[in-house]
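Here are a few exercises to work through with the model open in your viewer. Try each one yourself before you read the solution.

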Amino acid sequence: MSAQLLPALIMFAITAGVTSILCMPIFAFPLKNKIVNFYWSGVWIFLMLISAFAGAMNTLLILDIPAEQTAMIYLSILTMCFVIFVMFGWFRLSAKAIAHGISRGWSKLKAT
């Protein structure tokens with residue numbers, strides 16, 4: 001057991017480090033538009049969660065704790081939610097940009 005403790009501790013430290021690094025862009029580049037900032041922060045939070053779950057799963061596997069099946073289910077669900085979040089955000093931001101362009105073009109057309 002003690003022979004596996006050091007590799008598990010190293011894996012935990014790497015997981016905590018990578019998750020902390022993924023947190024930095026949220027605070028380093030806050031965006032002024034609330035909707036864009038929501039999706040910007042959400043993407044990085046999802047990446048942090050995926051990194052934390054994957055690292056926790058591997059840490060438990062190093063310690064010979066049988067958590068692979070449960071962790072894989074949660075990781076798959078989290079990854080699917082991330083894809084849905086990104087796609088919904090892309091559609092929403094694209095629709096908002098198109099609507100803004102149309103309303104701006106319409107107001108210029110009315111002014112002339």
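**Exercise 1.** Does F85 count as buried or exposed, and at what relative accessibility?

Solution. Keep in mind that this is a predicted model. Start with the cut-off: buried means under 20% relative accessible area. F85 comes out at 16% relative accessibility, so F85 counts as buried.

**Exercise 2.** Work out which kind of aromatic pair F46 and F85 make.

Solution. A pair of aromatic rings is described by the distance of the centres and the angle of the planes.
- Distance first: ring centres pair if they lie within 6.5 Å, and those of F46 and F85 are 5.3 Å apart.
- Now the angle: under 30 degrees would be stacked and over 60 edge-to-face. The planes of F46 and F85 sit at 45 degrees, so this pair is tilted.
- Then the place in the chain: F46 belongs to helix α2 and F85 to helix α3, 39 residues apart, so to speak a link between distant parts of the chain.
- Last, burial: F46 is buried too, with a relative accessible area of 16%.

**Exercise 3.** Classify the pair F38 and Y39, then find which cluster these rings belong to.

Solution. The structure holds eight aromatic pairs. In the one made by F38 and Y39, the ring centres are 5.0 Å apart and the planes stand at 75 degrees, so this pair is edge-to-face. Y39 has a relative accessible area of 7%, which makes it buried.

**Exercise 4.** How do α2 and α3 pack, and what is the hand of their crossing?

Solution. The axes of α2 and α3 are 10 Å apart, and the packing angle is about 165 degrees. Anything over 145 counts as roughly antiparallel, so that is the label for α2 relative to α3. The crossing of the two helices is left-handed.

**Exercise 5.** Check the span of helix α3 against what its residue count predicts.

Solution. Helix α3 runs over residues 68–111, which is 44 residues. The expected span is 1.5 Å times one less than the number of residues, so α3 should span 64 Å. Its end C-alpha atoms are 64 Å apart, so the two agree.

**Exercise 6.** Which residues is S51 in contact with, leaving aside neighbours within four places in sequence?

Solution. Locate S51 in helix α2, residues 34–62. With those neighbours set aside, the contacts of S51 are T15, V18, T19 and L22. At a relative accessible area of 16%, S51 is buried.

Definitions and conventions. Residues numbered from 1 in each chain as written. Predicted model: local features only at pLDDT ≥ 70, side-chain atom pairs only at ≥ 80, totals over all residues. Heavy atoms only, no water. Helix = DSSP H or I, 4+ residues; strand = E, 2+ residues; numbered from the N terminus. Buried < 20%, exposed > 50% of the residue type's maximum accessible area, 1.4 Å probe, protein only. Contact = heavy atoms within 4.5 Å. Phe/Tyr/Trp six-rings, centres within 6.5 Å; stacked < 30°, edge-to-face > 60°. Axes fitted to C-alpha atoms, helices over the stretch in contact; angles between N-to-C directions. Parallel < 35°, antiparallel > 145°, perpendicular 65-115°, else oblique. Left-handed = near helix turned anticlockwise from the far one by under 90°.
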